[in-house]
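Have your viewer ready, with a way to select residues by number.

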Amino acid sequence: MKRLSVLARVILVSVGLSLVLVAVAAISLLIGTSFVGLGKILFGAANDAESQRIWTILWDYRFPRTLLAAVTGGALACSGTVFQGVLRNPLADPYLVGIAAGGALGAVTSLVLLGEGSLWTTSIAAFLGSLVAVGIVYGLANLKRGAGYTNTVILAGVIVAALMNAVMLLIISLSEAHQAQRVFFWLMGDLSLANYRKAFTAGFFLLVGGVVVYLNANRLNLLISGEETALSLGMDVSRTRTLLMGTAALMTGAAVSVSGTVGFVGLVVPHIMRLLFGPDNRILIPASLIGGAAFLAAADCVARMAAYPMELPVGVITAITGAPFFLYLLVRK
């Protein structure tokens, strides 16, 4: 009976948040540097040329951008849920623990050496960079086991992120001027070059990672309850932690490779979903994934309109939103 109750809540929450996501996506299709009226979409434009222009704007530019924002937001929010659970720290997210910096370093290295034509290569390089960062952070944290372990992970992540960013800046400074400018803009979180290929590539990694994480939702609940409790119930804590962190690194690397460094999504969204729907990861994981998709799609709408007719990088909007939230958590916790 309890399992049916959880299943019913998962369905209810997922359907409700999906409706929110659809509404945000619909708004995203309408607004931009040129407004497209809903009447023109439903009833057609005054002439064929105008109709062709509208459909080109919608399906060649805005829809893939909205789709990419949703995939990126879902991946980052799901990863943030995993890191907060595994590390039992409310301040953990892919950026604070250095995972995103590793992914960004791998992606930048691929972009500088191979250009933007090889998307799978960039995604794989970002994933490998994220794995390297996970390995370094995990290795440093294991030097100090015990009560201060999770805090050590956060501090190790800050150190690793600083190191990765320094290497990244070195690579950029040695690259050509036009290439350096493009990479700098990408690092701020850029969705302006979105296309279906990027969205579907990142979506594939999100699908695989999301399934693996959700199948381990009960194990993540046990990790949150305490390592001793998990061990007493026969769970292989080290193996589970490694699997979950590696999967979160996969999703983070995929998101970074197609959208740049979009910060604070993995920090803000899981907390909001936890406040709304509770701490059970069987509900929290799908809620964070769909909620993160809606959050970043909405942030991209704001980024397109805040400095009209110019467009801001979406990472600027998420940082403005997330930084005060981070300070609130820091003071409260």
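## A walk through the model

Start by selecting Asp280, which is buried, with a relative accessible area of 18% (buried means under 20%, exposed over 50%, partly exposed in between, with a 1.4 Å probe and protein chains only). This is a predicted model, where local features need pLDDT of at least 70 and side-chain atom pairs count only at pLDDT 80 or more, while totals for chains, interfaces and linings use all residues. Residues are numbered from 1 along each chain as its sequence is written, and side-chain values use heavy atoms, leaving out hydrogens and water.

Next, select Arg65, Asp300 and Arg304, which salt bridges link into a network. Arg65 and Asp300 have their closest N and O atoms 2.9 Å apart. Arg65 lies in helix H3 and Asp300 in helix H13 (residues 281–305), so this pair ties together parts 235 residues apart in sequence; helices are DSSP runs of H or I, at least four residues, numbered from the N terminus. Between Asp300 and Arg304 the closest N and O atoms are 3.5 Å apart. Both Asp300 and Arg304 are buried.

Finish with Val86, and show its neighbours too. Leaving aside residues up to four places away in sequence, Val86 touches Leu220, Leu223, Arg241, Leu244 and Met245, where contact means heavy atoms within 4.5 Å.

Note on methods. A salt bridge is a side-chain nitrogen of Lys or Arg within 4 Å of a carboxyl oxygen of Asp or Glu. Helices (H or I, at least four residues) and strands (E, at least two) are DSSP runs, numbered from the N terminus.
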